[in-house]
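Hi,

Here is the structure I promised to pass on. Have a look at it first, then read my notes below.

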Amino acid sequence: MFTFTPWALQLFGISGILGSILFITGDLLYNHVPGSRDSVPVKMSRMPETRLLNAGTLGLIGCWFYTLASLQFLMVFQPAGELYAFIVFLAFAAVMICYGISHTSYFSIAAGARVAERLGSDAESGGRFGNTFFQRLVYITYIPVVVSSLMMFYGIITGKSLYPRWMAVCLPIIIYLLKSPITRILKGRIKEMVNDSYDNIVLFLFYVLSTILLWNVFPS
């Protein structure tokens with residue numbers, strides 16, 4: 001039987017929040033240039049090396065916090081059975097690890113773009129191979145995303161979790177699918193920043209809400 005103290009459950013939630021902040025910072029370092037309409041490879045080709053190195057490194061560190069945060073689901077879905085909770089944990093932890101690997105692999109776009117420009121070619125073509133690799137990792141990530149999302153949704157709506165049933169509409173996949181309408185109503189700098197780091201803003205919101213809901217599930 002999986003058991004954690006209330007303090008540990010709270011720690012896992014806070015870990016997810018910290019991880020998402022690190023990833024959001026990394027996303028903005030990679031992508032955000034205020035007012036720029038250039039493509040990602042072009043923007044990256046003009047960034048200082050230190051900025052890009054820091055952006056990629058944050059993916060590794062943030063991944064540790066994300067993976068630790070996944071442990072909370074061993075308790076959250078225990079009402080559905082220990083095996084069920086363990087599979088949810090494994091699937092969600094796999095997603096979090098994929099986030100770290102994909103975020104770090106994004107650096108290859110910058111590396112290719114910078115080399116291309118310095119050799120007299122264009123940044124777009126230089127970053128194409130790195131982007132192909134990044135997209136391949138994203139497609140692979142969809143597998144654990146689908147597994148974890150379906151299992152979490154089912155566990156929540158059937159009342160076999162520690163979350164209230166309405167939490168089913170606040171799962172990361174649901175918030176992710178709302179990106180277009182959300183970014184459409186935003187304006188200016190806020191819109192640019194949200195668009196450039198949306199995937200991890202989704203997890204920030206989810207972990208904040210999850211932490212609040214689980215904070216007093218097992219009063220000490």
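This is a predicted model: local features need pLDDT of at least 70, side-chain atom pairs count only at pLDDT 80 or more; totals for chains, interfaces and linings use all residues.

Residues are numbered from 1 along each chain as its sequence is written, and side-chain values use heavy atoms, with hydrogens and water left out.

Salt bridges first: a side-chain nitrogen of Lys or Arg has to sit within 4 Å of a carboxyl oxygen of Asp or Glu. That rule gives 2 of them. In one, E49 pairs with R114, with 3.4 Å between the closest N and O atoms. E49 belongs to helix 3 (residues 49-69) and R114 to helix 6 (residues 107-118), so this pair ties together parts 65 residues apart in sequence. (Helices are DSSP runs of H or I, at least four residues, numbered from the N terminus.) R114 is buried at 12% relative accessible area, whereas E49 is exposed at 53%; buried means under 20%, exposed over 50% and partly exposed in between, using a 1.4 Å probe and protein chains only.

R46 and D38 also form a salt bridge, at 2.9 Å from N to O. Here R46 is exposed at 56% and D38 partly exposed at 35%.

Now the pocket (on a 1 Å grid over the protein atoms alone, an open set of points where a 1.4 Å probe fits, with protein on both sides within 12 Å along at least five of seven lines; lining residues have an atom within 4 Å of a point). The largest pocket has 45 lining residues, with Y176, K179, N195, Y198 and D199 nearest its centre. Helix 7 gives the largest share of that lining, 9 residues.

Cheers

Technical notes:
Helices (H or I, at least four residues) and strands (E, at least two) are DSSP runs, numbered from the N terminus.
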